[in-house]
Amino acid sequence: MADKKTPVLETKHLGIDFGGLTAVDEFNIEVEHGEIKGLIGPNGAGKTTIFNLLTKVYKPSRGMILLDGTDTQGMTPEKVNRAGIARTFQNIRLFDKLTVEENVKIGLHNHINYSSIEGVLRLPRYWSEEKKAHEKALELLDIFEMSDMAGDVAGSLPYGAQRRLEIVRALATEPKLLLLDEPAAGMNPSETEELMNNIRKIRDEFGIAIMLIEHDMKLVMGICENIVVVNFGKIIAKGTPAEIQSNDDVIEAYLGKRKG
Amino acid sequence: MKKLDKNAKTAFLNYGLVAVFFVAVEIMMATGVMTNSFKGQLIPIISYVIMALALNLVVGISGELSLGHAGFMSVGAFTGVIVASSLQDSIGASPLRLLIAILAGALTAAIAGIVIGIPVLRLGGDYLAIVTLAFGEIIKNVMNCMYVGVDSKGLHMSLMDANSLGMEPTGRMILNGPMGATGIKKISGFIAGIILLLIVLVIIQNLVGSRTGRAIKAIRDNRIAAEASGLNVTKYRLIAFVTSAAIAGSAGVLYALNYSTVAPKKFDFNTSILVLVFVVLGGIGNMTGAMIAAAVLTVLPEMLRQFQDYRMLVYAIVLIVVMIATNNEKVKALFAKKEKGEAKANG
Ligand SMILES: Nc1ncnc2c1ncn2[C@@H]1O[C@H](COP(=O)(O)OP(=O)(O)OP(=O)(O)O)[C@@H](O)[C@H]1O
Ligand SMILES: [Mg+2]
C-alpha cells in the first residue's frame, strides 16, 4: 500500500462527453486519507457524473483516476469497489426484496469466506462465517440505530432509513473512500443533524475518507474540511468552507442564486 | 436470527410437502385405491416438479427469463438414455445405472448451460430469453436427426440415418431420429424420483440461503448496486443458470427412463412454456407454489378425462382460480386471516 502522504484519490484531467455535451472537463482533485470533502454545485453541474466516473459506471473520455496511487483504468465497477471505493446513489438503489440485514451482508459479501459448495452442504465454515456476518451486520446497523429493523424488507423502509441503509451497505465493503450522493435528500432538519454527526462518527471510527455531494449548505459547511465547487462540468472553486462562502464566483454561480 | 428462521420454515414446509406426497402415494398403493392412470403419472409429476424448481431458480431467484428449459431436459433425457442403454450389459443393478445416467444427464445439460450462459450472461440486457428460445428449438432439431446405436464395438453415432451407423446385425438402436429413443428399459421408479426431488430441494434451498444465493437475488433486485458492492455479476448469474440447467437435465433423465419410448418433440417449446406456467402460477420466486402448480397441472388433464366435454373448460377455470389465488394480495390476505382464525379456533 502507498504511504500516508499519497492521496487516497487523485484525478488528473478527468472528463467525459455525452455526444456533443461535455458533462465533466478538466476535473483535478486530491482527497487525503481521512478527509471529508464536499462536492457542490447547481443542478446539472456534473456532480453525480463525477461519482459515476470514479466508480466506473461511466468510462472516462479522458484523464486519469488514481486510487491510493494506482491507476484504475480498465477496472469494472466491481473491481473499483474491491480496490476501495464504495458509494451510495442519488436515486436510492437498494436490494428491495432482501431484508435490511441481507442488504448489509451483500456489502460484506467479499469478506464472507466460504464457497458455494460449502454453502450447499452447510459445512462448518458456512455456519461460522454466516454467524460472523450476522453479528457484523448488526454492529454496522447500530451506527444508525437500525439493528431492530434487520429483518424488515428493505423496499418497505421509510425514505430516510433507506438512505441510511445504503450508507451502511457501502460501509460494509470496507472502503478507503466513501462517496455519498446527496445523503440528506428528503430528510427533515433533525434527521439531517443526526446524519451529520453520524458521518463524522464514521470518519473518526473507520478512519476513511468521505466525499459527499449535498445541496444542504448547513450540512456541507458544517462537516466538510474542504469543498470543491463545480458548474457546467468544470471546477470553479476549491477551498475551506470559509473560503468557499466568500468566493465571488461561487456566490454568483451557486450561493448567489440561493440568496435570490 | 429471525430471518433465518423464516427461511428455514419454508424449507421445512417444502420437505414436508414432499414427505406428505410420498406417504399419501404409498398408502394409496397399499390400500389399492391407486388408479393405473395416476400411477403412470407419478414420475412425470416428479419430473415436472423438479423442472419447475429448476426454472424458478432462473426466473424467480435470478430474475432472468428462459424460454427453452425443455432443451436442457432433452439434453439430459437423451444423454441418460444413451448412458443407461450402453451400460445395460455391464452394470446389472438398475438403481446404480439410473444414478450414473442422472449424473451424466445433469453434466451434459450443465455443459450446454455453460456454453449458452457464458456469452449471453456477460451481456447486460434480457438476451437470455431469445437465446434459450433458439437453443430449445435447435436441440429439438438436432435430436430429430440424431441416430445412435450400440453393438459389440461400442457406440455409433450419425446425423444422417440409421443405415449410416454401420452397425453389426446384432447391434441395438438407442436413438432413432424423430422417433427418438426406443426400447428403453424403464429403470426410473417412484422412490428414486422422490430421492432425486429431495436432493434437488436441498441443493436449491441451501444455495438460495447461502452467500451465493444472496448475491444472485441482489443482482436480480439491482444490478448496478450489486456491481458497486463488489459482486461479480456474470459469475453469479452463471451459477444460477448452470445449476438450473443441470437440475433440468436430471429431471429429463428421470422422465425419459420411465417410458419405453421418448421422442424429441416431447421437449419442445410447449413444454418450456408449460414449465414457465408452473413457475408463474406458483407465484414467481415461490418454490412451494411452483411445486404445487407443477403437480396439480400435470395430473389435472388426466383426472379431467372422464368429464371429456368439460375438460378444457374446467382446466381453464382452475388455471384462472389458481392465478387469482396465488397472485392476488387480497385473496392471499383472506387466506392468511382464515388460517389464523382456524388456528385460533382449533387451539
Ligand atoms: N448518461 C448520460 N447521457 C447523457 N447525458 C448525461 C448522462 N448522465 C448525465 N448527463 C448530463 O450530464 C449533466 C450533469 O448531470 P449530473 O447528473 O451529473 O448532474 P448533478 O450535478 O448530479 O445534478 P443534480 O444536483 O441535479 O443531481 C446533465 O446535463 C445531464 O443531463
Ligand atoms: Mg446528482
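The model is predicted. In the contact between the two chains, chain B supplies 28 residues and chain A supplies 29 residues. Ligand 1 is surrounded by 14 residues, and the count of salt bridges over all chains comes to 23.

**Interface of chain B and chain A**

- About 2800 Å² of area is buried between chain B and chain A, and carbon and sulfur atoms give 57% of that area.
- The size of an interface is often expressed as the accessible area lost when the parts come together.
- Between chain B and chain A, 16 residue pairs are in polar contact, with both residues at pLDDT 80 or more.
- On the side of chain B that touches chain A, the elements giving two or more residues are α6 (190-208), α7 (211-221), α8 (223-228) and α9 (233-256) of chain B.
- Of the elements on this side, α7(B) gives the most, with eight residues.
- By class, the side of chain B that touches chain A holds 12 nonpolar, nine polar and seven charged residues.
- One salt bridge is found across the interface of chain B and chain A.
- That salt bridge pairs B:Arg214 with A:Glu130, with 3.1 Å between the closest N and O atoms.

**Surroundings of ligand 1**

- Among the 14 residues that surround ligand 1, the closest are A:Gly44, A:Lys47, A:Thr48, A:Thr49 and A:Gln90.
- The backbone of A:Gly44 places a polar atom 2.9 Å from an oxygen atom of ligand 1.
- For A:Ala45, a backbone N or O atom lies 3.2 Å from an oxygen atom of ligand 1.
- The side chain of A:Gln90 has a polar atom 2.8 Å from an oxygen atom of ligand 1.

- Strand β1 (residues 9-18) and strand β2 (residues 21-27) of chain A run antiparallel and are joined by four bridges.
- The hairpin of β1(A) and β2(A) has two residues between the strands, and A:Gly19 takes a positive phi near 60 degrees there.
- A:Asp17 stands opposite A:Thr22 in β2(A).
- Side chains of opposite charge can pair when their charged atoms come close.
- A:Asp17 also forms a salt bridge with A:Arg62, the closest N and O atoms being 3.0 Å apart.
- This pair links distant parts of the chain, since A:Asp17 belongs to strand β1 of chain A and A:Arg62 to strand β5 (residues 62-67) of chain A, 45 residues apart.

Terms used
Residues are numbered from 1 along each chain as its sequence is written. Chains are lettered from A and ligands numbered from 1 in the order in which they are written. This is a predicted model: local features need pLDDT of at least 70, side-chain atom pairs count only at pLDDT 80 or more; totals for chains, interfaces and linings use all residues. Side-chain values use heavy atoms; hydrogens and water are left out. Two strands pair if DSSP finds at least two bridges between them. Contact means heavy atoms within 4.5 Å. Buried area is the accessible area (1.4 Å probe) that two parts lose on being put together, summed over both. A salt bridge is a side-chain nitrogen of Lys or Arg within 4 Å of a carboxyl oxygen of Asp or Glu. A polar contact is a pair of N or O atoms within 3.5 Å; within protein, one must be able to donate a hydrogen and the other to accept it, and residues adjacent in sequence count only if both atoms are side-chain atoms. Ala, Val, Leu, Ile, Met, Phe, Trp, Tyr, Cys and Pro count as nonpolar, Asp, Glu, Lys and Arg as charged, and the others, Gly among them, as polar. A residue is near a molecule or strand if one of its heavy atoms lies within 4 Å of it.
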